[in-house]
Amino acid sequence: MFECQVCKNNQAREKLVDEVFKIDGKHALVENIPAKVCGRCGEAVFSSETTEKIRQMLHGTAKPLQSIHMNVFDFN
Ligand SMILES: [Zn+2]
């Protein structure tokens, strides 16, 4: 059963989300990741299978679809 790690809400919707990961100082954007998204705070939770697949994708030989330039801001 779903329980949000942030707000402990237990209602979630299945959704495809985009998420930026930082691996060895390099950012990678992965689009259309299946996730459970908390109905209250919007926190996205990935299954362990999904997390593992992303990890393999980013560390392995998978070729990205494209490279984009990204504006990065530091809030401080
Ligand atoms: Zn939540």
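1. The zinc ion has as its protein donors Cys4 (SG), Cys7 (SG), Cys38 (SG) and Cys41 (SG), which lie 2.3 Å from it; donors are here N, O and S atoms within 2.8 Å of the metal (3.2 Å for Na, K and Ca), and water is not among the atoms, so sites may look incomplete. The site is tetrahedral, with angles of 104 to 117° among its four donor atoms, where four donors count as tetrahedral if all angles lie between 85 and 135 degrees.

2. This is a predicted model, in which local features need pLDDT of at least 70 and side-chain atom pairs count only at pLDDT 80 or more, whereas totals for chains, interfaces and linings use all residues. Residues are numbered from 1 along each chain as its sequence is written, and side-chain values use heavy atoms, with hydrogens and water left out.

3. Along the sequence, the donor residues of the zinc ion follow the spacing C-x2-C-x30-C-x2-C. Because cysteine 7 lies in the segment before strand 1 (12-23) and cysteine 41 in the loop between strand 2 (26-38) and strand 3 (44-45), the pair ties together parts that are 34 residues apart in sequence; strands (E, at least two residues) are DSSP runs, numbered from the N terminus.

4. Asparagine 9 is also placed in the segment before strand 1, and asparagine 9 is buried, with a relative accessible area of 10% (buried means under 20%, exposed over 50%, partly exposed in between, with a 1.4 Å probe and protein chains only). Leaving aside neighbours within four places in sequence, asparagine 9 is in contact (heavy atoms within 4.5 Å) with residues including the zinc-site cysteines Cys4 and Cys38. By contrast, cysteine 41 counts as partly exposed, at 39% relative accessibility.

5. The largest nonpolar core is made up of eight residues, namely Val17, Phe21, Val30, Ile33, Ala35, Val37, Phe46 and Ile54; such a core is a set of buried Ala, Val, Leu, Ile, Met, Phe, Trp, Tyr and Cys residues joined through side-chain atoms within 4.5 Å. Strand 2 gives the largest share of this core, four residues. Not counting residues up to four places away in sequence, valine 17 touches, among others, the core members Val30, Ile33, Ala35, Val37 and Phe46.

6. The three strands form an open sheet of order 1-2-3 with antiparallel pairing, two strands being paired if DSSP finds at least two bridges between them. Strand 1 and strand 3 stand at the edges with a single partner strand each, so one side of each is left without a neighbour in the sheet. Strand 2 and strand 3 are joined by two bridges, and lysine 36 has valine 45 in strand 3 as its bridge partner.

How values were computed
Four donors count as tetrahedral if all angles lie between 85 and 135 degrees; four count as square planar and six as octahedral if opposite donors are over 155 degrees apart and all others between 65 and 115; anything else is irregular.
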